[in-house]
Amino acid sequence: MNTVEIIRKKRNGEVLSSEEIQYLIQGYAKGEIPDYQMSALAMAIYFRGMDSRETADLTMEMVQSGERVDLSRINGVKVDKHSTGGVGDTTTLVLAPLVAAAGVPVAKMSGRGLGHTGGTIDKLESFQGFSTSLSPESFVQQVNGIGLAVMGQTADLTPADKQLYALRDVTATVDSIPLISSSIMSKKIASGADAIVLDVKTGNGAFMKEEAQAIQLAQAMVAIGNRVGRQTVAVISDMEQPLGMAVGNALEIKEAIETLQGKGPRDLTELCLVLGAQMVVLAGKAESMDQAKETLQRAISDGSALDRFRQFVKAQGGDPRAVDHPELLPVAKYVQEVKAPDDGVITGLIAEEIGLCAMELGAGRKTKDAVIDHGVGVVLRKKIGDTVRQGEALANLYVNDLEKAKQVEKRFLQAVRISKESVDAPRLIRALVT
Ligand code: URA
Ligand code: CA
C-alpha cells in the first residue's frame with residue numbers, strides 16, 4: 001500500500017477501506033509512517049470527515065495498537081461511564097459506589113486533572129494514603145470483592161491514539177468529530193468496557209460549546225459503540241455553569257459524600273441518577289429507567305451506596321473514617337467570601353473561568369509536574385437563576401495564600417453575570433442519544 005495514495009484518496013473525499021485504515025494506524029504506531037504524513041491525513045479527515053464504518057475501523061485499530069485490559073474474570077456486564085470533561089464534575093465519585101450498590105461491577109480507569117477540568121484520581125488522593133496504582137490482579141480481585149475499583153491509566157493503552165492526539169494538538173485538527181469520537185471510544189474499549197454510558201457536556205465550560213455539536217459527537221460515539229458490539233448511550237448535559245457547588249479536590253469529595261447521603265446539590269444528584277439509571281439498565285439489573293432510578297434512590301436512602309464508598313476508600317489504602325468525618329480531609333487555612341457587587345439575578349457563572357479560578361488557587365496543575373493542593377477551591381453559594389442582594393455571598397474561596405485570594409476574587413467576579421431581569425436555570429439534561 002502507498003501512504004501518499006491513501007492521503008490523496010481522503011483529500012479527494014473518498015472512503016478509505018478497512019485495510020487502508022489498518023495500514024495507516026499500525027504503520028504510524030510502529031513509527032513506519034512519519035508524523036508529517038499523519039498530519040496531512042488528519043487534516044484531510046478534518047475537512048472530508050469519515051463515515052461511521054471508517055470511524056469504527058479507526059477506533060478498533062487504535063485499540064489494537066496497544067494493551068487491552070482483560071476484565072473477563074469479573075462477573076457481570078462491565079459498564080463504563082465517560083464524561084467529556086467539565087468543571088466541578090463529581091459524578092464518577094458518586095456513581096461508582098452508587099451503581100456498585102445496585103449490583104453493577106465498576107472497573108474504572110481514571111485520569112488526572114487537565115487544564116480547567118478536574119480529575120477523579122486527584123480528587124481521590126484527598127484521602128490520605130489512597131492509591132490508584134493497582135496491579136491488574138488486585139484490580140480484578142477488588143471489583144469481584146466489593147464491586148468497584150479505580151485505577152490509573154496503564155502506560156500502554158491505545159498508544160496510536162496518544163501519538164495521534166499529540167499530533168492533532170499541534171496541527172489544529174483536534175476538533176474533528178471522527179477523530180474525537182474514535183479517540184474517546186478507543187480508550188473505553190481498550191479498558192475493557194462491555195457497554196458505555198457517555199456524558200457529553202455542552203456549554204462554555206465544555207469541549208463542545210454548542211448543543212448541536214455535542215449531539216453530533218454523541219451520535220458518532222454511539223454509532224461506533226453499536227458497530228463494534230458495545231451498547232452505548234449518551235446523555236447530553238449542561239456545562240454552562242459548574243456542576244454542583246464545589247470545585248476543588250477535597251471539596252468535591254465532601255460534595256460526593258453529601259450526595260451519597262441524599263443531601264447533595266440538586267443538579268449533581270439528578271445527573272447521577274440519570275447516568276446511573278442508564279448504567280443499571282445496560283448492565284441488565286433493571287427493566288426500565290424508572291425501576292433503575294428507584295433502585296438507586298433506595299441505595300442512597302438505606303446507606304448502602306455510602307457503605308460501598310467506605311469499603312472502596314479502605315480497600316485502596318485511604319482512611320475510611322474521613323467518609324463519616326470529612327473534617328479529616330485536607331482543608332485550606334482560610335475561607336474567604338466573595339460578595340455580590342449588586343442586587344439582581346445570577347444569569348451567568350462561566351464554568352471555564354471558575355475552573356481556572358480553582359486551578360489558580362492550587363486545585364489544578366499549571367505545569368505537568370506541579371503538586372496540587374487538595375484543600376483549596378471554590379464553593380458556589382449561588383447558581384444561575386438565583387436572586388442575590390448586594391453584599392451577599394456568591395461563593396467561598398478556600399485558600400492557603402491570601403495574596404492569591406485577592407487576584408482570584410477579581411477573576412471570579414468577572415465570571416459572574418448579575419442582571420435585573422430574571423432567567424431560568426439552564427436545563428441540565430438536554431438530550432439522550434441511543
Ligand atoms: N478527549 C479525547 O480523549 N480525545 C479527543 O480527541 C478529544 C478529547
Ligand atoms: Ca461539584
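Donors here are N, O and S atoms within 2.8 Å of the metal, or 3.2 Å for Na, K and Ca, and since water is not among the atoms, sites may look incomplete. This is a predicted model, where local features need pLDDT of at least 70 and side-chain atom pairs count only at pLDDT 80 or more. Residues are numbered from 1 along each chain, and ligands from 1 in the order in which they are written.

Let's start with the calcium ion (ligand 2), whose donors sit at 2.2 to 3.1 Å.

| Residue | Donor atom |
|---|---|
| Gly88 | O |
| Thr90 | OG1 |
| Leu243 | O |
| Ala246 | O |
| Glu255 | OE |

Along the chain, these donors follow the spacing G-x1-T-x152-L-x2-A-x8-E. Gly88, in the loop between strand E1 (79–83) and helix H5 (91–101), and Glu255, in helix H11 (residues 249–260), are 167 residues apart, so the pair links distant parts of the chain. Helices (H or I, at least four residues) and strands (E, at least two) are DSSP runs, numbered from the N terminus. Gly88 is buried, at 3% relative accessible area, and Glu255 is buried too, at 4%. Buried means under 20% with a 1.4 Å probe, counting protein chains only.

Now for a sheet. Three strands form an open one in the order E10-E8-E12, with antiparallel pairing; two strands pair if DSSP finds at least two bridges between them. Its edge strands, E10 (387–388) and E12 (416–419), each pair on one side only. Strand E8 (residues 344–349) is joined to E12 by 4 bridges, and Gly348 stands opposite Arg417 in E12.

Terms used: Side-chain values use heavy atoms; hydrogens and water are left out. Buried means under 20% relative accessible area, exposed over 50%, partly exposed in between (1.4 Å probe, protein chains only).
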